[in-house]
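Open the model in your viewer and keep the sequence panel beside it. This tour moves from the whole chain to single residues, one selection at a time.

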Amino acid sequence: MSAATELLLDAYSRVKEAVHRAGERLDKDALAARLDPDANSIGWLLWHLTRVQDDHVADVAGREELWTAEGWDTRFDLPVSGIGYGHSSEEVGAVRGFDAELALAYYDAVQEQTLAFLRGLRDEDLDRVVDEAWDPPVTLGVRLVSVVDDCLEHAGQAAFVRGVLERTRS
């Protein structure tokens, strides 16, 4: 396995640790709580980062998202679509009604698919252009790092919200 692949595997394992720390043992109410009427909830943040990872990695891997392929869309049964990008405050508030067990199970399934994809990469694969809509065009390596960055950022936000909620409920 190449050093680049090992580095990506390590980065994605850190996402999993952060996601689980932010979400474990939270009930539906805690996941849906918002610090103010327009703030993102922990549930939305975890759902969104998982949807981004699922969507983006499925795209570069040339496979269907687990969201639909494994019926996660039906299990969550949300009144919103997409991956959360550009969601209004109302749409963010509609991402609710599920517990941490479901959110983390979906994340773990996406994570396993991601790791399987990463393990099959060679160094030269990282230079493959996967999105020509940008200038410069986005390579696989850049896309994979972008997903890690986005996921860690949102997991950190979820951890922050959790910390505030725990302090105010104590």
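**Start at Glu-166**

Select Glu-166 and show its side chain, which makes a polar contact with the side chain of Arg-162 at 2.8 Å. Keep in mind that this is a predicted model. Glu-166 belongs to helix α8, residues 140-169. Its relative accessible area is 43%, so Glu-166 counts as partly exposed. Glu-166 and Ala-30 are separated by 136 residues in sequence, yet their C-alpha atoms are 9.4 Å apart.

**Zoom out to the whole chain**

Switch to a cartoon view. How many helices and strands does the chain have? There are eight helices and two strands. Follow them along the sequence and the pattern reads α-α-α-α-α-α-α-β-β-α. The radius of gyration is 16 Å, close to the 15 Å that the globule rule gives for 170 residues, so the chain is as compact as a globular protein of that length. Along the principal axes, the C-alpha atoms fill a box of roughly 50 × 30 × 30 Å.

Of the 170 residues, 49% are buried. Next, colour by charge. The chain carries 17 positive and 33 negative charges, and their mean positions lie 6 Å apart.

Select Thr-5, in helix α1, residues 3-23. Is Thr-5 buried or exposed? Its relative accessibility is 2%, under the 20% cut-off, so Thr-5 counts as buried. Show its neighbours beyond four places in sequence: Thr-5 touches Leu-118, Arg-119 and Leu-121.

Two loop residues deserve a backbone check. Most residues other than glycine have a negative phi.

- Select Arg-25, in the loop between α1 and α2 (28-32). Its phi is positive, about 65°, although Arg-25 is not a glycine. At 71% relative accessibility, Arg-25 is exposed.
- Select Asp-77, in the loop between α5 and α6. Its phi is also positive, near 50°. Asp-77 is exposed too, with a relative accessible area of 63%.

**Stay in the α5–α6 loop**

Move along to His-87, which sits in the loop between α5 (72-76) and α6 (89-94). At 16% relative accessibility, His-87 counts as buried, because buried means under 20%. Which side chain makes a polar contact with the side chain of His-87? The partner is Trp-44, at 3.1 Å. Now display the residues around His-87. Leaving out those up to four places away in sequence, His-87 touches Trp-44, Trp-47, Val-80, Ser-81, Val-92 and Val-95.

**Finish between the strands**

Select Pro-136, in the loop between β1 (129-131) and β2 (138-139). Most peptide bonds are trans. The bond from Asp-135 to Pro-136 is cis, with omega near 5°.

Methods
Residues numbered from 1 in each chain as written. Predicted model: local features only at pLDDT ≥ 70, side-chain atom pairs only at ≥ 80, totals over all residues. Heavy atoms only, no water. Helix = DSSP H or I, 4+ residues; strand = E, 2+ residues; numbered from the N terminus. Buried < 20%, exposed > 50% of the residue type's maximum accessible area, 1.4 Å probe, protein only. Polar contact = N/O pair within 3.5 Å; in protein donor to acceptor, adjacent residues only side chain to side chain. Contact = heavy atoms within 4.5 Å. Rg over C-alpha atoms; globule rule 2.2 N^0.38 Å. Lys, Arg positive; Asp, Glu negative; His and termini not counted. Charge placed at Lys NZ, Arg CZ, Asp CG, Glu CD.
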